[in-house]
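Subject: Structure handover

Hi,

Here is the structure I promised to pass on.

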Amino acid sequence: MKLEDKKRVLREMLYARRFEERCYEAYVERKIGGFLHLYPGQEACCHGVLEAARPGYDYVITGYRDHVHAIKCGADPKEVMAELFGKETGSSKGRGGSMHIFDVKHRFMGGYALVGGPFPLAVGMAKGIKLKSTDEISICFLGDAANNQGTFHESLNIAAVWQLPVLFVCENNLYGIGTRIDRSTAVIDQHKRVCGYGFPSVQVDGQDIEAVYEAAKIAVNHVRSGKGPYFLELMTYRYRGHSMSDSNKYRSKDEEAEWTKRDPIYILRDRLIKEKALTLDEYKKMDQTIIDEIENEVIRFCEESPEPKVEDLQKYVLADNDPWVKGGAR
Amino acid sequence: MAEMMYWEAIRRAHDEEMSRDPLVICMGEDIGVAGGTYKATQGLYDKYGPERVIDTPISENGYTGVGIGASFVGIRPIIEIMSVNFAWLAMDQIFNSAAKVRYMSGGQLEAPVVIRSPGGTAHQLGAQHSARMEKVFMGVAGLRVVTPSNPRQAYGLLKSAIRCNDPVFINEHELMYNMKGEVPDAEFFHPLEGSEVTRAGRDVTLFGYNISVHWCLSAADILAKQHGIDAEVVDLYSLSPLDRAGIAASVSKTHRALIAEEAEASVGVGAEVMAIINEQCFFELDAAPVRVSAVNVPVPYNHKLEKASIPNTNDVVAAVLKMFGKA
Ligand SMILES: Cc1ncc(C[n+]2csc(CCOP(=O)(O)OP(=O)(O)O)c2C)c(N)n1
Ligand SMILES: [Mg+2]
């Protein structure tokens, strides 16, 4: 990665971290309801892969841990946070919530709450790309536990038989809610499961953004050049609970401490400091700027935004005045 | 006006739409090289090629989701699921993805897919190939459900469904693919909403949809000829949304109602139509509405038991006579 890109991405990852932490606070303040799944610890996965792709142009889809992916694709953080606040100004106009962020103009095709649900959708978008002979690719980010769904196998098989431009990114954080991977899954290394479908798959350190980026470049190249699907497994860890209602009884303090030592943000920060491209002071200043920015721009926007009107409850269920409902436009 | 079979009408709609718009594709098990279990896509593989007439693996939830995903980026897929009994496996993608995506994206994304599938009892196919599922589909917001009772509707409903920007489930029937009927020579689009008075009458309304329209029509003949009862037959080709106004208009005219359905009564079309009658025009009624429905049992294999499990014309006649105190 180029130096200026590394510096920019460090800021983006730190922004993502602070954004998610502010979501946590807003949830505690009861500004945010429902399920809330936060991303701290996994930032290098989303940022590393999408640095190697074309966010805003390539189609990206993921599960419910979706705020950061949306923002990286180009979604306005104000609209993402407003969605969590349930406001009309939210990216899904307050109808979706944390698990259903969409920003179609930036080709962020959604957060979905059914574990494994996005696999076939990602493959379908890839089918559409192939039919239209355009050069986008379809990128599907999901967790390790999602691979135990039938949709994983059905979708990988279809993507392979039809040679579709889809990149599967598995963010292996070793847990599906409170069940450690070895208790749910016969093979811990998820990339090995792909050999049954005959396309390339690799495993990479998901805490080191440069490692992710380098692997993703190869993956994206493969997919974009028409060679068919590709599978990237990124070994990572989430620092917070699965969602806000987490028993936190399923993993040891030692394990958490081990992974905290490999914080993706600190890995990149310390590398930049070592390369003399950044000082700790500059970093701290940047951090404070981000915290202020989130408070003064994002949170204020959400507080000031109106809620959806109850009269509009049934808006967006079906298409508005679709002529074919009446048998055509004539 | 040409006579054609139900499957030919479906095939014609595919062909016209696929030749008009290169983004219309069709997909399903055995629909391509093999030409389709019910011939609905016969010849299309040779005409449009494997990229647009797609033989899928036996992965109902997978390929249905693939079709939905393709629709997100501008493709107009027509997905055939070989039997509604297999559509259960695709419920996740139909309900959780297609039906909800417009709403949960605040109107940003839509899933203009058509899902076609035959339901219903054919000839001794046993419990896992004879179920009806329209009641399940029609209970879900964000999904349209239509069900053609004749070749004209089979053609026109599919034409409109392909162009409509909502996901549309088309409930067909295994026994109806060889049914003949008139279809206009000129291209036409059937409305996706509403209902159709197939036979006008004064004394009682017989509501049917898909195959049960035909029981109602032959029952109406018998009632007129043998019992002096003038029945109106209303074809509910749109199951979601149901035509509340059309249902109320007919009942307000005849003051009596019967609903015939091949499915079990519980939580079904009949139950829903009765509820609508209650809500819309209860005080117009001269008699309590009745349902003629299947027995609540997995469909048996033995042909006598199978026949006994689903209603027919005679059941409709008997129920009307009872309603009039004539039986
Ligand atoms: C079909 C389905 N089953 C169960 C759940 C409940 N659930 C939500 S997240 C989750 C664990 C998924 O873990 P993983 O795929 O590894 O993703 P992570 O949360 O670790 O990012 C489960 C079981 C669900 N949302 N959907
Ligand atoms: Mg996980």
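First, a term you'll need: a salt bridge here is a side-chain nitrogen of Lys or Arg within 4 Å of a carboxyl oxygen of Asp or Glu. Side chains of opposite charge can pair when their charged atoms come close.

Some housekeeping. This is a predicted model, where local features need pLDDT of at least 70 and side-chain atom pairs count only at pLDDT 80 or more, while totals for chains, interfaces and linings use all residues. Residues are numbered from 1 along each chain as its sequence is written, chains are lettered from A and ligands numbered from 1 in the order in which they are written, and side-chain values use heavy atoms, with hydrogens and water left out.

Where the two chains meet

The rule finds two salt bridges across the interface of chain B and chain A. In a salt bridge between the chains, Lys130(A) pairs with Glu51(B) at 3.7 Å, N to O. There are also 15 residue pairs in polar contact between chain B and chain A, both residues at pLDDT 80 or more. (A polar contact is a pair of N or O atoms within 3.5 Å; within protein, one must be able to donate a hydrogen and the other to accept it, and residues adjacent in sequence count only if both atoms are side-chain atoms.)

Which element gives the most to the side of chain B that touches chain A? That's H3(B), with 10 residues. Helices (H or I, at least four residues) and strands (E, at least two) are DSSP runs, numbered from the N terminus. By class, that side of chain B has 22 nonpolar, 17 polar and 10 charged residues. For those classes, Ala, Val, Leu, Ile, Met, Phe, Trp, Tyr, Cys and Pro count as nonpolar, Asp, Glu, Lys and Arg as charged, and the others, Gly among them, as polar.

The contact (heavy atoms within 4.5 Å) takes 49 residues from chain B and 44 residues from chain A. Together the chains bury about 3,800 Å², with 68% of it on carbon and sulfur atoms. Buried area is the accessible area (1.4 Å probe) that two parts lose on being put together, summed over both. On the chain B side, Val73(B), Tyr103(B) and Met104(B) lose the most area to chain A, together 20% of what that side buries.

Inside chain B

Chain B splits into domain 1 (2-183) and domain 2 (196-323), with bounds from an automatic or database domain assignment. The C-alpha centres of the two domains lie 26 Å apart. In chain B, 30 residues of domain 1 are in contact with 30 residues of domain 2. The area buried between these domains is about 2,300 Å², and carbon and sulfur atoms give 53% of it. Gln124(B), Arg132(B) and Lys135(B) supply 30% of the area that domain 1 buries against domain 2, more than any other three residues.

Four salt bridges turn up across this domain interface of chain B. Glu196(B) forms a salt bridge with Arg152(B), the closest N and O atoms being 2.9 Å apart.

Across the whole structure

Over all chains, the structure holds 56 salt bridges. One is in chain A, where the side chains of Arg11(A) and Glu293(A) meet at 3.0 Å, N to O. Arg11(A) lies in helix H1 (residues 3-28) and Glu293(A) in helix H11 (residues 280-304) of chain A, so the pair ties together parts that are 282 residues apart in sequence.

Cheers
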